[in-house]
Amino acid sequence: MSYDYDKIEVPEGGEKITKDGDGLDVPEEPIIPIIHGDGIGKDVGPAAQKVLETAAEATGRNVHWMRVYAGETAREKYDENLPDETVEAIREHRVAIKGPLTTPVGAGFRSLNVALRQTLDLYANVRPTYYLDGVPSPMKAPEEMDMVTFRENTEDVYAGIEWEAGTEEAEKVREFVEDDMDFDGVMHEGDIGLGLKPISEKGSKRLVREAIDYAIENDRDKVTLVHKGNIMKFTEGQFGEWGMEVADEEYPDDEVFAAPDSLWEEQDEVDIPEDAVMVEERLADAMLQWMQLRTDEFDVLAMPNLNGDYLSDAAGAQIGGLGIAPGANFGDARCLAEPVHGSAPKRAGQDMANPTALILSGRLMFEYLGWDDTGELIRDAVEETISSGKVTYDLERQIEGGEKLGTTEYAEAICENIEKLS
Ligand code: NAP
């Protein structure tokens, strides 16, 4: 093994996870890079790491963590936000986990999260949203939520192709659009900020394929493509068309059924082959209300980047908020697990934030390694802890008689339950 890192300390034991065909070859004791993250990442990062290694050990496994740096810790160590060796370490080890990284609003600072997803071509951001017993929720029947969102991760307005108002570049693009492209809509006089929204056939189809494959493998009934194709016809609308093409052309009808005209017609009367996964389209604005009013009708959702950002946060709220909501980014034989939430600066450094979302993101990562029993144990131990009323501030303020614990104490309570349940 020839590592040549400057500031990253390679653990003494453990081996690299490697690619094996389309899947992974996972050694008994893998090395897993970890970024604790900015803001509350400094609280939830170490707490989640402890819970994950306790669960791994309780199921006869051993993780060798390798700390890698991005955001604030990278600025301290390297004087840059995202050092090359961080990206290389994650690329080389294939499976990693990260806490949140801060992206200040405004010019001059590109999102490190987006940069990591794009550089490593982690094209599918997967966010399972399921209810844990005992978690307070504003919904009457939160247990109806059992949905997995697949959010395209590399394009859309997140691609970062934009020009600042008042710059020569923005004016050039305006001229090109108005003069060369014969644009006859409205672009107001004066300074204007402009951006591009690329949505490609390749990006759309591989994402929808992932969602459909997931639905087939996990006995899900339906995949819903969520877009705003009625307004943004050649980007969002095209995403829907390409997605339906995948469903229609790449799978046999008795396995995957592409519902005709689902945007405008109810599908109750449609004759769907028994056991087939139905693929339908829905408009994103309407979807946000259906998700609350008809929660149990939805199963797997696939959508472009921005819709996925909004919808998965809203779905997270239904099952207890961002402190609970896990996620992971997947590419070809690659995984970077990360929670849905950000660095919540106003809660940072106070040992109060909820580490559950990062812990459950670790569960997703372990399941990707084939460690399903470790994943189940984590889920059960988290549920047991919350059901017994031991919770962090975000859940405690929503329930009566709960016991408010700090991040570290709460993680310790989960570790005790791991020992008890294993
Ligand atoms: P946020 O960090 O997700 O936090 C918003 C609010 O959600 C918090 O103030 C808190 O609510 C609640 N919350 C989030 N995580 C929680 C946790 N673990 N435990 C308890 N409560 C939690 O969103 P933001 O304030 O909009 O974004 C802050 C920064 O994070 C920005 O720089 C943003 O770009 C970045 N961000 C990073 C990622 C990522 O790394 N993947 C994702 C999203 C945002 P209360 O105040 O009500 O307690």
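Asp121 forms a salt bridge with Arg206, with the closest N and O atoms 2.8 Å apart. The model is predicted. Across the interface of domain 1 and domain 2, one salt bridge is found, together with five residue pairs in polar contact, both residues of each pair being at pLDDT 80 or more.

The protein is divided into domain 1 (1–134 + 322–422), domain 2 (138–150 + 199–318) and domain 3 (161–196). The contact between domain 1 and domain 2 takes 13 residues from domain 1 and 17 residues from domain 2. The C-alpha centres of these two domains lie 27 Å apart. About 1,300 Å² is buried between domain 1 and domain 2, and carbon and sulfur atoms give 56% of this area. On the domain 1 side, the most area is lost to domain 2 by Tyr123, Arg127 and Thr129, which together account for 44% of what that side buries.

Strand β10 comprises residues 222–227; six of its six residues are buried, so the strand is largely enclosed by the rest of the structure. In a regular strand, side chains alternate between the two faces of the sheet. In β10, Lys222, Thr224 and Val226 point one way, while Val223, Leu225 and His227 point the other way, and all are buried.

Strand β10 is paired with two strands, β12 and β13. Six bridges join β10 to β12 (residues 277–283), and the two run parallel; in this pairing Thr224 stands opposite Glu280. Strand β13 (residues 300–303) also runs parallel to β10 and is joined to β10 by three bridges, with Val223 opposite Val300.

How values were computed
Residues numbered from 1 in each chain as written. Predicted model: local features only at pLDDT ≥ 70, side-chain atom pairs only at ≥ 80, totals over all residues. Heavy atoms only, no water. Buried < 20%, exposed > 50% of the residue type's maximum accessible area, 1.4 Å probe, protein only. Helix = DSSP H or I, 4+ residues; strand = E, 2+ residues; numbered from the N terminus. Pairing = 2+ DSSP bridges. Domains from an automatic or database assignment. Contact = heavy atoms within 4.5 Å. Buried area = accessible area lost by both parts, 1.4 Å probe. Salt bridge = Lys/Arg side-chain N within 4 Å of Asp/Glu carboxyl O. Polar contact = N/O pair within 3.5 Å; in protein donor to acceptor, adjacent residues only side chain to side chain.
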